[in-house]
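Let's take a walk through this model together. Have the coordinates open as you read.

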Amino acid sequence: MGYTSNSGCVKAVDGISLEVAEGEVFGLAGESGCGKTTAMLSIMQLLPPAGRILGGRIMFGDRDLVGLSDAALRNIRWKSISMVFQGAMNALNPVHNVGSQIAEAIMLHEKSTRRDAFRRARDLLELVGLDPSRGGEYPHQFSGGMKQRAIIAMALACNPRLVIADEPVTALDVIVQDQILKLMKQLQEKLHLSMILISHDLSVIAQTCDRVAIMYAGKIVEQADIISLFEKPLHPYTQALVKAFPSVRTSRKLTVIPGAPPDLTSLPPGCRFHPRCPVKVDRCMREEPLLIRAEAGHYAACHLLQAEPSSGKA
Amino acid sequence: MQNYPKAISQFWKSYKRSKRGVIGLAILVFFLVQAVFAGQLAPYAPDQQLGASSILLPPTLTHLLGTDEVSRDVLSEVIYASQVSLTVGFLAAFISLVVGTLIGLLAGYYAGLKAEVLMRFTDLFLVIPFLPLVIVLAAIFGSSMLNLILVIGITGWTWTARTVRSQILSLKERPFVERARSIGARDSHIIVHHILPNVIPLAFANSIILIGNAILAESVLSFFGLGDPVHVSWGMMLHYAYTSGAMTLGAYWYVVPPGVCIVLVMVAFALVGNALDDLLSPRLKTSWI
Amino acid sequence: MLFRDPRMTPQDLANLRAMFGLDQPLYVQFYLYLVNLFHGNLGVSFAYDQPVLPIVMQRLSNTVLLVGIAYVFFVLVGIFLGVVAAWKHGSKFDAFCVSFALTTYSVPTFWLSMLFILVFSVWLGVFPTSGMLTIGAGAESFGAYLVDLLSHLAMPVITLVLYYMGFYTILARSSLLEEFTQDYVLTARAKGMSNWQVIRKHTLRNAMLPSLTLAAINIGAVVGGVLQTETVFSWPGIGSLTYDALLLRDYPLLQGAFLITALSVLAANFAVDIIYTWLDPRVRY
């Protein structure tokens, strides 16, 4: 599956290109507001009415999702691609019980009786480690971790091929975080799912993903498999992010990236990261770097990687 | 406190973004200008009777809105009437605002028996249907502009009182009040310097609706014959239109204009009120449908 | 006495006063009034020379008929328009609905009534100008009676509906729009529901709450506010009775009408409170 798109009039996402292989866990990392959520919402075209896809293609298998009719899109949603939302959000409707919200997804896409749908909902709850008899309870009766599991169960209801998880563990404490991530990885392997995991927390990405793309201010600045990214980050932003991790073993000083992400309505000229970059040169302030192939499977968008201007996108 | 001019210009800039708000304000300015410059704008004097041959004339070039049942020019009447309607509306609303804020303040700040009594008193006024009450009061006290203002003003405070009171109840618990008290500030000092500045914006936003209501109330009272016969307002014009039988004779030029003016002014206040409300309590969340 | 025939002699005056009990001290009069009240006796009308209570109750039933019919329409139509406007928010239809609602509730009811009479009675002659029934209309058949009644009801009802529905449109629309910002709406859309399905299943229930509260409060308020419409259309209801009594300085009648109106409002509000306890188990008295 491939994905190239822009969206929104203030371009929340400006020309990104990703490819997720079957059965792969692809991570999308970046600070809040860098456009990762917008990018993912664009896939299923769930942007709020104020957002629009301005161009590009979204290839799912061999179908371009851009330009599909509303009815066709609704067919694909959840059945082929589903989403796991942040549990802390009001993603679950407080006035419906949990089981019925899972069953709702099933009944929407399959000809199933209510009883069957509820039965499958209970099976799904069991699959994620919840007590199936609690399907009749309401979201506020679940703890944070339990709610997240329920949301995962709901996402798997129609046996999708791709699951997009948007900050699935952000609001949970570390122990529960670990449990949920392990659960997700387990399920992904067992069900042979493809997954896109969005997070601002690199440790979460490190724990679960096979490949990662780092986003900054609406653009992808680096993309690689997980090991190469952490061992040899090429983009200054990635380097700073990796360095920002406290190390348990050594006593290394915490480094912080000064400044803040740019306002998308008034972007700096040239490279969008240059105001905060510790190693910028003249060229960075004039010309936007393109994402180029630095090594096999490892791409970065930084002028410092090229001796002379080169062509081609990955 | 020092930055008033800058704050105001910033406020105006954000206000301008609301198309509806600007339209509302424009309408209000139009009527205000018209009221102030009535003498220059009106072609005739409002009570000038032009002779028996000019009774109930439909619109012509000399009388753009025709004449009424005693041969007065309707356009002039309408222009002058704006003075009365607007004045009564503003003043009555002002009284409601002041009384309501005062009562709300007292009931909110001083909890206890006195406050409870005040609130029950307010509830009483809320329950009694507004229109019949106002009509009866106006009938008892006589129909002059001043009385109208007083009557409308005194019956309109209930909502402001409630809103102010709940605002104060929540303000009272805030840390800055506790701090002020602990250093020994007197109640009156706390009220004036701490509570009031936080309540005034709310009260101000409220007052927009009050003015609209007051103008409407005045027009209703006048229509029912309880208005000031000397100072003719839009409502009074409609009263004469109705009682003189002009309506049943089909004299639309007499019936439509005063009503249109009332509607325009009310709509203008609603628009401005909406715009202010959007400004002061913005909706930050995105809509998903 | 503020309003009397100048030809009456002082003796007549004294007799009248004695008859109406006005020669007693004020507090005694008030006490007697209360006592009579409990016996269902609201006094005798000056103008009609009949007991007040039956007059008032008869008029009240007319008002209830008018207001009842209008109420059903303005609540349903108002909410319906508000929901559709929210569903199509941002569209021209939405802008139209909002402007329309704002305008109609800015219009003074009496003026709207006048306009209707002007257009439909005087110009077009479609509806009768006033009253509740034409004399002798019920003579032939119940059907004829019904048609006559409906033709008299039409304009006052439409006036009331136009005026009051604006509140509901605006309220329903904004409550629904508020619901649309909830995250579970995104979830529902992500699951593949159409916009309308999402609205129906996930947002309507919560969004309707404020409108229902308004509807509950309105029951009482409309009885009080219908005075204008009744008077202009000469509909024989309790509102116009209050006004007529006022004009005639018929104090017992005025007091009676006023009292019954206030009591009706109280009773309606009370009934609503009771229903709320039943609907919403969290509320307990």
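**A serine in a loop, and onward**

Start at S71(B), which is partly exposed because 17 other C-beta atoms lie within 10 Å. On the scale used here, 20 or more other C-beta atoms within 10 Å of a residue's own make it buried, 12 or fewer make it exposed, and anything in between is partly exposed, with C-beta atoms placed from the backbone. S71(B) sits in the loop between α3 (38-41) and α4 of chain B. Helices here are DSSP runs of H or I with at least four residues, strands are runs of E with at least two, and both are numbered from the N terminus. The phi of S71(B) is near 60°, a positive value in a residue other than glycine. Most residues other than glycine have a negative phi.

Before going on, some housekeeping: this is a predicted model, where local features need pLDDT of at least 70, side-chain atom pairs count only at pLDDT 80 or more, and totals for chains, interfaces and linings use all residues. Residues are numbered from 1 along each chain as its sequence is written, while chains are lettered from A and ligands numbered from 1 in the order in which they are written.

Now step into helix α4 (residues 74-109) of chain B, where you'll find S82(B). Is S82(B) buried or exposed? It counts as buried, because it has 24 C-beta neighbours inside 10 Å. Setting aside neighbours within four places in sequence, S82(B) is in contact with F31(B), Q34(B), A35(B) and C261(B); contact means that the C-beta atoms of two residues, placed from the backbone, lie within 7 Å. S82(B) and L32(B) are 50 residues apart in sequence, yet their C-alpha atoms are 8.2 Å apart in space.

Over to chain A, whose secondary structure comes to nine helices and twelve strands. Its C-alpha atoms fill a box of roughly 65 × 50 × 35 Å along the principal axes. The radius of gyration of chain A is 20 Å, which agrees with the value near 20 Å for a compact globule of 314 residues. That radius is taken over C-alpha atoms, and the globule rule is 2.2 Å times the number of residues to the power 0.38. Of the 314 residues, 44% count as buried. Among contacts in chain A with a separation of 6 or more, 62% come from residues 24 or more positions apart.

Chain A also has an open sheet of eight strands, in the order β6-β7-β8-β3-β9-β10-β12-β11 and with mixed pairing; strands pair if DSSP finds at least two bridges between them. β6 (81-84) and β11 (292-295) of chain A stand at the edges with a single partner strand each, so one side of each has no neighbour in the sheet. Further in, β10 (residues 219-225) and β12 (residues 298-300) of chain A pair in the antiparallel sense over two bridges, and E222(A) stands opposite A300(A) in β12(A).

Another positive phi turns up at E167(A), near 50° and again in a residue other than glycine. E167(A) lies in the loop between β7 (162-166) and α6 (174-190) of chain A, and it counts as buried because it has 21 C-beta neighbours inside 10 Å.

Last stop: the contact between chains C and A, which takes 15 residues from chain C and 20 residues from chain A. On the chain C side, α7 (183-190) and α8 (195-225) are the elements that give two or more residues, and α7(C) gives the most, with six residues.
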